[in-house]
Amino acid sequence: MTLYYSLVFVLLVAEMALFMLLIVPLPFTIRRRMFTFISESPLVAKLQYGMKITFIFILILFIDSVNRVYRVQVELAETNKNAGGTVVMGHERMEVQARKFYSQRNMYLCGFTLFLSLILNRTYTMILDVLRLEEKVKAYEGSGKVGGEQTKKLEKAGQAGANEIGELKKQLANKTRDFDALKKQSQGLSAEYNRLGDEKSPVDTTPKKDR
């Protein structure tokens with residue numbers, strides 16, 4: 001197995017471990033803290049961004065492996081056809097079967113990795129919805145704090161780019177405030193310049209001659 005397919009296998013094992021961690025029964029408080037930490041941690045956000053890029057490369061490997069399986073199937077059919085309809089035996093057939101096996105293994109490996117990533121994303125979203133519903137039920141029953149800090153964090157969890165959007169809005173507000181200050185300063189300088197120009201401009205006091 002080549003290095004990149006070994007990395008894909010490691011990623012598949014990590015996804016399986018993460019999936020087991022998501023579905024393992026935990027107390028509501030621990031599960032809520034875990035999901036709020038995942039949604040707020042900047043390290044997890046950077047890791048998710050890197051994983052998206054990684055899955056693009058895995059998708060390319062999956063397409064390449066499907067193409068290899070197709071080419072091996074065509075080659076095997078051509079070999080049997082050239083042999084006059086008899087099944088090819090011996091070293092040549094074993095070589096083709098080995099390449100077919102490796103191509104199919106790589107195809108299944110990349111395919112299951114991509115499929116499990118989609119399942120993880122959907123499972124994460126569903127668990128967040130369940131946690132929000134449990135929080136609302138506890139609030140209706142009076143056994144939970146309505147509008148608590150953990151509740152607010154749980155409501156914001158899973159919202160794509162929520163922290164980034166808030167940061168961008170803050171930066172935009174600062175830029176707008178700086179622009180208004182510069183505009184007022186520019187207007188003040190322009191008014192001062194006009195006033196000084198009027199004071200320093202010479203007044204023509206020479207009498208005009210009658211023609």
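Predicted model: local features only at pLDDT ≥ 70, side-chain atom pairs only at ≥ 80, totals over all residues.

Guide: The questions below set values from this structure against the definitions behind them.

Visitor: Which residues does the annotation "transmembrane region" cover?

Guide: According to the unreviewed UniProt entry, the annotation covers residues 6-28, 49-70 and 106-124. UniProt positions are given in the numbering used here, feature names are shortened, and annotations may be inferred rather than shown by experiment. In the model, residues 6-28 are 83% helix and 0% strand, with end C-alpha atoms 37 Å apart. Residues 106-124 are 100% helix and 0% strand, and their end C-alpha atoms lie 27 Å apart.

Visitor: Why is L12 called buried?

Guide: Buried means under 20% relative accessible area, exposed over 50%, and partly exposed in between (1.4 Å probe, protein chains only). L12 has a relative accessible area of 14%, and therefore counts as buried. This residue is found in helix α1. Of the 211 residues of the protein, 22% count as buried.

Visitor: What makes a set of residues a nonpolar core?

Guide: The set must consist of buried Ala, Val, Leu, Ile, Met, Phe, Trp, Tyr and Cys residues joined through side-chain atoms within 4.5 Å. The largest such core has eleven residues: Y5, V8, L11, L12, F55, I58, L61, L109, C110, L114 and L116. Helices α1 (3-23), α3 (42-82) and α4 (91-141) each supply at least two residues of this core. A second, separate core has nine residues, among them L22, Y124, I127 and L131.

Visitor: Which residues does L12 touch?

Guide: Not counting residues up to four places away in sequence, L12 touches L109, F112, T113 and L116; contact means heavy atoms within 4.5 Å. On the same terms, Y5 touches L61, D64, S65, N106, L109 and C110. L12 and C110 are 98 residues apart in sequence and 8.6 Å apart in space, C-alpha to C-alpha. Among contacts in the protein with a separation of 6 or more, residues 24 or more positions apart account for 77%.

Visitor: Why is the pairing of D64 and R68 called a salt bridge?

Guide: A salt bridge is a side-chain nitrogen of Lys or Arg within 4 Å of a carboxyl oxygen of Asp or Glu. The N to O distance between the side chains of D64 and R68 is 2.9 Å, so the pair meets this limit. These residues are four apart in helix α3, and are therefore separated by about one helical turn. D64, at 28%, is partly exposed, and R68, at 40%, is partly exposed as well.

Visitor: How many salt bridges does the structure hold?

Guide: The structure holds three. One of them joins the side chains of E75 and R99 at 2.7 Å, N to O. This pair links distant parts of the chain, with E75 in helix α3 and R99 in helix α4, 24 residues apart. D129 and R132 also meet in a salt bridge, at 3.2 Å, N to O. Both lie in helix α4, three residues apart, about one turn of the helix.

Visitor: Is R132 buried or exposed?

Guide: R132 has 16% relative accessibility, and so counts as buried.

Visitor: What makes the aromatic pair of Y4 and Y5 tilted?

Guide: Rings of Phe, Tyr and Trp (its six-membered ring) pair if their centres lie within 6.5 Å; planes under 30 degrees apart count as stacked, over 60 as edge-to-face and the rest as tilted. The structure holds two aromatic pairs. In the pair of Y4 and Y5, the centres are 5.0 Å apart and the planes are at 50 degrees, so the pair is tilted. Y4 is partly exposed at 45%, whereas Y5 is buried at 5%.

Conventions. Residues numbered from 1 in each chain as written. Heavy atoms only, no water.
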